[in-house]
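Reader: I'm new to this one. Can you walk me through the structure?

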Amino acid sequence: MTSPAPETGGTAPAPETGAETWPLRRALISVSDKTGLVPFARALAARGVDLVSTGGTARALAEAGLAVTEVAEITGTPEMLDGRVKTLHPAVHGGLLALREDPAHQAAMAAHGIAPIDLLVVNLYPFEATVARGADYAEMVENIDIGGPAMLRAAAKNHAHVAVVTDVEDYDALLAELSANDGATTLPFRRRLAQIAYARTAAYDAAVSGWLAAAIGEEMPRRRVWAGSLRQGLRYGENPHQRAAFYAAAGPAAAGPGAANARQAQGKALSYNNINDTDAAFELVSEFAGGPPACVIVKHANPCGVATAPSLSEAYARARDCDATSAFGGIVALSRPLDGATAEAIAEIFTEVVIAPGADDAARQVFAARRNLRLLLTGGLADPLRAGQAVRQVAGGFLVQDRDAGRIGPEDLRTVTARTPSEAELADMLFAWRVAKHVKSNAIVYARDGATVGIGAGQMSRVDSTRIAARKAADMAEALGLAELPTRGAAVASDAFFPFPDGVLAAAEAGATALIQPGGSVRDDEVIAAADAAGLAMVFTGQRHFRH
């Protein structure tokens, strides 16, 4: 697949210098990734293009029976310093940078015996792959390409005359361009290739600087850059008037199971909102890795139902029951491979996306009749404790922080009330706490017997979130015909401290018996006293989970 041309507004700038269409007579090829190399070079040679190359690339071409000139022959200098110096020479860079219609440049080239290079094909040392496999410091340094980026930047700068290819997927596009223009390239085509080349060198430098910052322990370096590769174009963003695309991160950040790396087994193309919500659902369900089957249902980036159960189908049913209205048109994430029984249950209502580690034949057969339902398979769950950064753009800059990999266990809790929580209450507290971490602040989660029964999200007042969660629980009771509110005997998690006793009192009024919260308010004593007066058990975590 060729990279798409960037969309631009207004009139394109005039050519820098030179003809709009430029013939391709001589190419320099030096690649680490030799995928498709020989057929591509053979197609160039068939058009009469002279091939110049280096090292292993030259050997591969010669072994394929192609006539190739070694770079050392045109520079008059052999490769040296273990290959660190081979293309950094006027015979190479002069051939790339010379303006073809500038008399002074032509005179200099003639005086120094420099021949023009019309095409540069370079892909760089596999630095990102070397990082991903955990190479040591010395090996990483040796995989920092110097000559490659220098040539790419030179050729891209002189795109008035030179075509530059750095991605294997552009080989076919170049050959098609030559076929369409009698062995020449057009300026718009060369401009597009130049943009791709500069993006590649920028991404490469980003990978190097990011690795080096981590290697020396520079957690928040003075300058920071990120890079991504276009994964798919999107019809629009959150709303139809917003343009959007999905980019995959580069380097180690791109590794591991997740929405970005999932294989789409069926369904129409994902939208911006689908990807955003699916990521939220999968990150939350991954919190329950290693435990009983778990299901998360997300709507508008917030969980509307979460449950664990002995079977996946039961976990789905309990998660859906928490808020069946919001589950309609939602995103379902599962901690286990999808089975037929769970697929049948999910198919009973309209669902946008299902993401799971896998799916059996029975499940695939159920979903096959629902072509609009997207099924994403990840091969595993994400590591909720993995390192990484979260980046958010603000006007004029970026906010960067470590991703929230916080996790607490029973040993981290401090009971602050007269009553100690029971084992069942403690289990529900920890369950609710894991869910609250993924709910927009202010977040309140009611949970009982390993399932959410009420979630309040994104309110300006914490007591409002508490009341909304309780109201959701009342709606659940009505929908299911329950004899009592499901919040009776439930545990409540709050992502941040209760600034006043009112939130605690609202939870008690709903029938909750246990509370888990970070603590740290100047009114903690009042909040604890209110909990004691209501007979609640309350624990402090000492850890907050704001999510804006």
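This is a predicted model: local features need pLDDT of at least 70, side-chain atom pairs count only at pLDDT 80 or more; totals for chains, interfaces and linings use all residues.

Reader: What share of the contacts with a separation of 6 or more is between residues 24 or more positions apart?

Author: That share is 57%.

Reader: Let's go inside. How many residues are in the largest nonpolar core?

Author: It has 50 residues. Leu44, Leu96, Leu119 and Leu120 have the most contacts inside it. Helix H10, residues 187–215, gives the largest share of this core, with nine residues.

Reader: Pick leucine 120. Which residues does it touch?

Author: Leaving out residues up to four places away in sequence, leucine 120 touches Leu28, Leu96, Met151, Leu152, Ala155, Val162, Ala163, Val164 and Val165.

Reader: What does the second, separate core include?

Author: That core has 40 residues, including Phe246, Ala281, Ile408 and Leu413.

Reader: New topic. At what angle do helices H17 and H18 pack?

Author: About 10°, with their axes 8 Å apart. H17 covers residues 462–480 and H18 covers residues 502–509. The angle is under the 35 degrees cut-off, so H17 is roughly parallel to H18.

Reader: Which residues make the contact?

Author: From H17, they are Val463, Thr466 and Arg467. From H18, they are Asp502, Gly503, Ala506 and Ala507. The contact divides into three nonpolar, two polar and two charged residues.

Reader: What about threonine 487? Where is it found?

Author: Threonine 487 is in the loop between H17 and strand S21, which covers 491–494.

Reader: Buried or exposed?

Author: Threonine 487 is buried, because its relative accessibility is 0%, and buried means under 20%. Apart from neighbours within four places in sequence, threonine 487 is in contact with Tyr446, Val453, Ala473, Ala510, Gly511 and Ala512.

Reader: Now the backbone. Which residues does a cis peptide bond join?

Author: Serine 441 and asparagine 442, with omega at about -10°. Asparagine 442 lies in the loop between helix H16 (423–436) and strand S19 (444–448).

Reader: And what is the phi of histidine 300?

Author: Histidine 300 has a positive phi of about 55°, although it is not a glycine. Alanine 301, not a glycine either, has a positive phi of about 70°.

Reader: Where are they? Start with histidine 300.

Author: Histidine 300 is in the loop between strand S11 (294–299) and strand S12 (302–308). Alanine 301 is also placed in the loop between S11 and S12.

Reader: Is histidine 300 buried or exposed? What about alanine 301, buried or exposed?

Author: Histidine 300 is exposed, because its relative accessible area is 65%, and exposed means over 50%. Alanine 301 is buried, with a relative accessible area of 13%.

Note on methods. Residues are numbered from 1 along each chain as its sequence is written. Side-chain values use heavy atoms; hydrogens and water are left out. Axes are lines fitted to C-alpha atoms, for helices over the stretch in contact, and angles run from 0 to 180 degrees between N-to-C directions. Helices (H or I, at least four residues) and strands (E, at least two) are DSSP runs, numbered from the N terminus. Angles under 35 degrees count as roughly parallel, over 145 as roughly antiparallel, 65 to 115 as roughly perpendicular and the rest as oblique. Contact means heavy atoms within 4.5 Å. Ala, Val, Leu, Ile, Met, Phe, Trp, Tyr, Cys and Pro count as nonpolar, Asp, Glu, Lys and Arg as charged, and the others, Gly among them, as polar. A nonpolar core is a set of buried Ala, Val, Leu, Ile, Met, Phe, Trp, Tyr and Cys residues joined through side-chain atoms within 4.5 Å. Buried means under 20% relative accessible area, exposed over 50%, partly exposed in between (1.4 Å probe, protein chains only).
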